Each structure stands twice: as C-alpha cells, then as structure tokens.
Amino acid sequence: MTAQDDTRHSGSRDRLARLVQWFDTRLGLSNPVFRPVPQYSINPFYWLGALAVTAFVIQGITGIIMMLYYVPSPTQAYSSTQYIFNSVPYGRFLETVHLYTAYAMIMLSFMHMMRGYFVSVQKKPRELMWVTGMLMGFVTLGFGFTGYLLPWTVVSKSATDVGISIIGALPPGLANFLSFLIVGAGGDSTTLLRFYDLHIILLPAVLLVLLAAKMYMLETHGISEPVRGASEKKRKLIPIFPDATVYLLELAALFGAGMLIISLLFPLSLPPQFTPELAATYTPQPDWYFLWVYQIIKISAFETAGLPVALSVVTLIFVIFVILPFIDRGEKRRFADRPLFISLGVVFVAELIALTYWGLVTPGQIISNEQAALVLGGIAIAVVGGTYLMHDLLYRRVRSKLPMGSPSTSLRTAQAWTCTAFVLLVGLGAITIGTSLDATVRIALAGLTLGNFEALLVSLLGLGGVVLGTIFLLYRLDLGTGSIKRRVRLFELGWDKDETL
Amino acid sequence: MTPSKDTEKTKPDEDEEVDTSRRDFLKIAMTLSAVMAFGGIGTVLKSISNPAPPGASNPTTFPRVQVSNTNIPINSPVYFNYPLDSEPNFLVKLGQKAAGGIGPNQDIVAFSQICQHLGCISISYQATGGSTGGPVAKCSCHGSVFDMLQSAKVVGGPSPRPLPQVQLDVDASGNIFAKGMGPPTIYFHNTGSNDVSADLQGGNPVS
Amino acid sequence: MRLYSRIVLLLLVLQADVTGFLIALSFASNVNQNTFALLLSVDLIAFAMMTYIYRTAKLNALPNRTWIIVGSAIIVGIFFSSIIFT
C-alpha cells in the first residue's frame, strides 16, 4: 500500500473510524469494565473454565431449539425425541451435539478443577472461588443426571430409577428434601416433569448466579500468577476487548469445530423406548461420569453395611473437595513444595479413572472386599510411590538451583511433553494395575481358566508397557543423565558442562 | 537465547502508513470473519421452521402400491421406490423358496437397495454369487454380501445388519403390492433401530 | 506479512463460500445434516485461524507457520472426509 492509496481511501477510513467511534461511545469497548489480563494467561489452560461456559452456551442453544419439540410426558417423551431425530431439520445433529457437549462440559469442568488444584489457585485469597466452583460442578452433574432421563429410553430410565433410590438412602432430612424436589408427589409423570423443569430452568438459573459470583470474584482478584513466576514481558496486560475476547472466540470456535467433528464421527442412534418388560432384561448402568460412584457402591462391604454407609463415603469425598482450601492451608504453591497434596491429587485422578473403567466393564457385579482393597489400594500405593519418586528426582536437586524466571520455550516444550506423558501414564497405569490385580484375585478365587489367564496376560503386558514408559520418562527427567533436560539446562541456565548434579 | 517458538519476532514496521492500513485490513477481516462464523452457527435456527407437528400429518401407515406381477422372469430384478419416493428397492423372483417370499412358489422377495453399512446405493443382485452358488445381493462399495434366501442375512462384508425386507402382498390376478417394511430401518432412518415407523419420515411417501 | 494477507483473504473467501452454502442448504435429508456439520466446522476453523493471525499481528509478530499449516490441513481433511459422510 502506498501513500496514494491511503489518500484515496481516507474518506472511507474516516467513515469507518466514526462507525467504530459510535459503538465505542455507547458500549465503552475501549475502556471496558473488566480488568485487563496478563500475557501469560493467553494459554488454553487458563481458559478451561471459559470453555466449560462455552459448552454451556452450546447446550443452551441446542437445548432451546429442541425444547420447541420435546414433550415431557411419559407417553410422549420418547416419541417426541424420536420426532426430533427423524423429522426436525438438523434434529439428529442437535441431539448428538447436545449429548457430546454435555460430556465435554463435565470433562472440561473436571479438568478446570484439577488444573486449579495442581497450580494451587485455591489458596488465599481465592478460597471462596473454589467453593463456588465446586458448587457449579455439582450443578453440572445435576444437569447430566436430569437430562439423561428426558428421552425416556430403557437405558436412561433404568439408570435414573437406580439413581433416585440411591438418593432416597441419604440421611433422612436431606433425602426428603431432595426426593421432594426431584420426585414430587411420586409417579412417573410428576418425576419427568420435575426433572424437565430442573433441567431447563432451576439448574441453569443456579448455574448463572454462581457464575456471576465467580466472575465477580475473578474481577476482584485477577488471574492467578503462574506457579514459577513470570517475566516482565509475560506480565504485560492485555485489554479484555478486543484481544482477550478474540482469544476466547478462537478457543470457542476450535471447541465448536471439535464437537461438530466428533458428532460426525460418532453418530447417535436412539436406544429403544422404556418398557418395564424390556427394562427387566437390562442391567442398569449410570452414565460414565457416575460410574465411579456406582463402582464404590458395588463393593461388597458397602452392600452388606448398607447404602447409607457407601453414600457417606462418597459424600465425604465431595465434602473434602469443597472445603479443600481450608484443609490445605500452606502458603506454598510450587509443585516442589507440595509433595503431599500433589501426590494426593494424582492418586485421586488415577483412582477415578480406574473406578470409572472398572464400573464400565463389570455391570451389576458385586466386587469382593479383597479385590477392592487390592485394586484400589494397589493403585494408590503404586501411584503415590511413583509420584514421590518423580517428585524427588525432579525437585530434590533442582529446588535450590532453579531461578524464578520464566523458563525458555524449549524447556517449556520438554515440560509439556513430560506432563502429557505423565498424565497418560497415570491413566493407563491406573487401568492396567487395576485390571492386573483384578485378574489375579479372580484367578485366586475362581481358579485358573483360559479367560482368566488371558486377562491376566493382557493386563500384565499393558502394565509392562506402562512401567517401561515410566522408566523412560524418569530417564528423561533425570537431571544427571537425561538428554533433553540436560541439554536445555546447559544452554539456558549456563550450567557448567562438567557439573555433576 | 533461542527465539521463542510461539511467535517469530520481526522488527516493527517502520512505515506508519502501511502499518495502520494493515491493521485496519486485519480488523475488517476479523469482523467479517466473526460475522460469517456466527452467521454459519445461526443457520442451525433452520430447525425452527415449521415442519408438521408430531402426530398431526406424519404418516404412520405404510402405503400400499403395486410394484410388479408374478409372471416376471426368474433372476430378473425389478426396481421400485418404496416407501419414500427417493429410496430404491429391488424385487426379484428367485426360482427357489425363500424366507418371506410370496407368490405361488414363495420365491419372490424384495429388499431395500441402500446398504446398511454406510448407505451406498449400489446393491446388485447376483443369481449365483453366493459361496455355495445361491442367490445373493452384493454391495459394490465395501463388499457386503446378503443372502437372498434368508431375508438378506449378512453372509460377508462389513454390514452390521441385514437389508430391510419389503413386505409384499399378492392378489388373485398375480399383481404384487408392497405394503410395509420389515426391521431394521432403512439406512438413515434412525439407523439400527427396529421401529420401522421411522422409515416413513423425512420425505414424500409414494402413492 | 504479504503472504499472511493473502492467507487472510483466502480464509475470508472460504468462509463466504461456506456460509453461502450453509444458508442455501435445504434441511430435508440426513445427508444434508452431515454436510451442515462439515461446513460449519470448516467455517469455525477458518475463523479460529483468522483470529490467530489477527492476535499475533497485533503484537507485531508473525503467526507461527506450523499452526497455519495444521489448520489448513484440517480444513482440507474435512473436505476430503465429506466423501465418506455425504
């Protein structure tokens, strides 16, 4: 573009500037109410919560369109859902996107929570943000629970019936309140109508109120600092509009495209309608995000002691998470300084993965006490041991030496790969340890059969793979001999080549 | 220091004029892009057009239409659309008794021509194409093979379900009528379900 | 930077085409539902690439070549996969 071009276009540019100015005066876009964000937060990990809200918006759009056609009565629920599938323009697409985005919302909220846990955002002064966030997590699970019933299929009604009876086993006061909220006077049509109203009005309203509270607190405190500190360049503030908004739109667009592609690759078909005869042939199983609760309840110790005991355990886990900021009162935030809580966090994720997978493959089967103790205890010990080992290797030698400046990108890349590999190993490790122990116990109890032996062999092979992967990872991390870290350290921090660590 | 991998740094452009116009260009481009992205999303609102409300004029009964006659030659397929006017089927006289067959020798059968694997409309009848020389229908897309004597049961290839069988009727003068569809549903009509009323949705029934 | 201006223009044209298709798409059959999903995902990915270029250009830096290639490859891949889905 030359100077001549500019004079030729300057008339339209003036008009453009005036148009922008018109909006700016009225919307205050150049001087927004929301505080600017630091450069280091332009990173997907900081926006997991925002992506969960994006998922919620997608749910709202698809849900409201479907709401025009769905009828919440037991006789018409299934046929109206079928109608949406077959006759409404883009109906099948709406249903599929709605389901997968629901799963994405739950998964994103969980990742958001665990990410916050691991970088210690819940320390002072953000404790109440954590509590609000946990409540929002419960509401999200409530969305899943209430929405699951609405199509009135064999799968969903059976699972929800079990869920409702489990709620009835809570302590009397709470059980009565929740039962009244959910079931009302009793009977299928009241329950369905209640679930529907909860799903489309009460839960969204509660979620929005909690979201407003969380956003308010976010504005008060700002984005939390990265654990390792940040350089001046990274602390530079970026205005919310248009830069941070544009970044959010970018992430949201990629998320939307991802959901669309997943909906294409895994199209849904409606399970058969709920009839009592069909339900009798079917073993109920909850949706995947409740499989871990399901698995805990199936342990025989809880079967004999009664449902309230099992529920107390699950409730205790939830309560611990809610009041976590008041349990973990230390001031330290760096990974190096929190070995206990980091290990506990990793164990929690590993156990969750193992329980979910285990629940998936053993529908309706009671788990013996020994098996449960061995599998869950085994995973806990293995993962805690592994984490402590890695933590020691990583930080014992480094704690005194690592400066507080921001690491360079090649170190960052190495760390990113290491983190990904570690997460994968934890998940796979939990599953393979669990299945190995499970197969062992099964052989011990039921004797050696071909099926048992095969299961043991496969899981041991998987476990071997995980162990090899862990050894490789530890080798990479060992500062004395690991190639990537050592090279980066030499280059970045100017360490002496001959220095032994 | 090795350069950061996120963005490669260049010197800020010295020429102010060019810089501003590039900025404006990018801003306009961004806005247009956002408008089109949101517009694209907005087209989902087509769902709120007014198709027939449920239960009103949705056909729930299969039409009964004449498609052929019993005096057709053996192994010579007849093609017809049923139950929607966009969905092909084929009818063939096998010359031997088959499951679901009608006619004096119970050997006339008809099936959907849309493969249950991925919806290819390339099912062709082969009189002796089966592994034991029997009549089969083969899909040329990915090689699914359906046994004509056993209600299009899958005997080869990747199809997970048999072909939907057209229910036929014959009157006194040998005219053959199509009067319904057996499960599974025709591909794309709630694929995988056994509720054949879904076959009537989404198009114009033949008459 | 010239190169990226051209990429931006290409993306805009692509988006205009895709959005035009989406508006014109009749919503009757299931085939068109898959087309809708494919086209809309192309639209969104093009938008994401556009915002990425805009964001990095604001910092007076060049966008990372890799992401542009990855994004374009994904769009091409989606167009190819429309053979399977429609």
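Where is A:Pro125 in chain A? A:Pro125 sits in the loop between H4 and H5 of chain A. A word on the names: helices (H or I, at least four residues) and strands (E, at least two) are DSSP runs, numbered from the N terminus.

Before going on, the ground rules. This is a predicted model, in which local features need pLDDT of at least 70 and side-chain atom pairs count only at pLDDT 80 or more, while totals for chains, interfaces and linings use all residues. Residues are numbered from 1 along each chain as its sequence is written, chains are lettered from A and ligands numbered from 1 in the order in which they are written, and side-chain values use heavy atoms, with hydrogens and water left out.

Most residues other than glycine have a negative phi, and most peptide bonds are trans. The bond joining A:Lys124 and A:Pro125 is cis, with omega about 0°. In chain B, the peptide bond from B:Tyr82 to B:Pro83 is also cis, with omega near -15°. B:Pro83 lies in the loop between strand S3 (78-81) and strand S4 (88-93) of chain B. B:Asn75 is not a glycine, yet has a positive phi of about 60°. Its place is the loop between strand S2 (65-69) and S3 of chain B.

Now the helices of chain A. Axes here are lines fitted to C-alpha atoms, for helices over the stretch in contact, and angles run from 0 to 180 degrees between N-to-C directions. Angles under 35 degrees count as roughly parallel, over 145 as roughly antiparallel, 65 to 115 as roughly perpendicular and the rest as oblique. A crossing is left-handed if the near helix is turned anticlockwise from the far one by less than a right angle, and right-handed if clockwise. Contact means heavy atoms within 4.5 Å.

Take helix H2 (residues 48-67) of chain A with H4(A): their axes come within 8 Å and cross at roughly 160°. H2(A) is therefore roughly antiparallel to H4(A). The crossing is left-handed. Among the residues that meet are A:Leu48 and A:Phe56 in H2(A), and A:His98 and A:Arg115 in H4(A). By class, this contact has 14 nonpolar, eight polar and two charged residues. For the classes, Ala, Val, Leu, Ile, Met, Phe, Trp, Tyr, Cys and Pro count as nonpolar, Asp, Glu, Lys and Arg as charged, and the others, Gly among them, as polar.

H4, residues 91-118, also packs with helix H10 (residues 240-265) of chain A, at an angle of about 125° and with the axes 9 Å apart. The two are therefore oblique to each other. H4(A) passes H10(A) in a right-handed crossing. The residues that meet include A:Phe93 and A:Tyr100 in H4(A), and A:Phe255 and A:Met259 in H10(A). This contact has nine nonpolar, three polar and no charged residues.

The axes of H5(A) and H6(A) come within 8 Å and cross at roughly 130°, which makes H5(A) oblique to H6(A). This crossing is left-handed. A:Phe145, A:Tyr148 and A:Leu149 are the H5(A) part of the contact, and A:Ile167 is one of the H6(A) residues.

Last, the second largest pocket. A pocket is found on a 1 Å grid over the protein atoms alone, as an open set of points where a 1.4 Å probe fits, with protein on both sides within 12 Å along at least five of seven lines; lining residues have an atom within 4 Å of a point. The lining has 46 residues, and A:Phe145 and A:Ile167 are among those nearest the centre. H5(A) gives the most, with eight residues. The lining divides into 34 nonpolar, nine polar and three charged residues.
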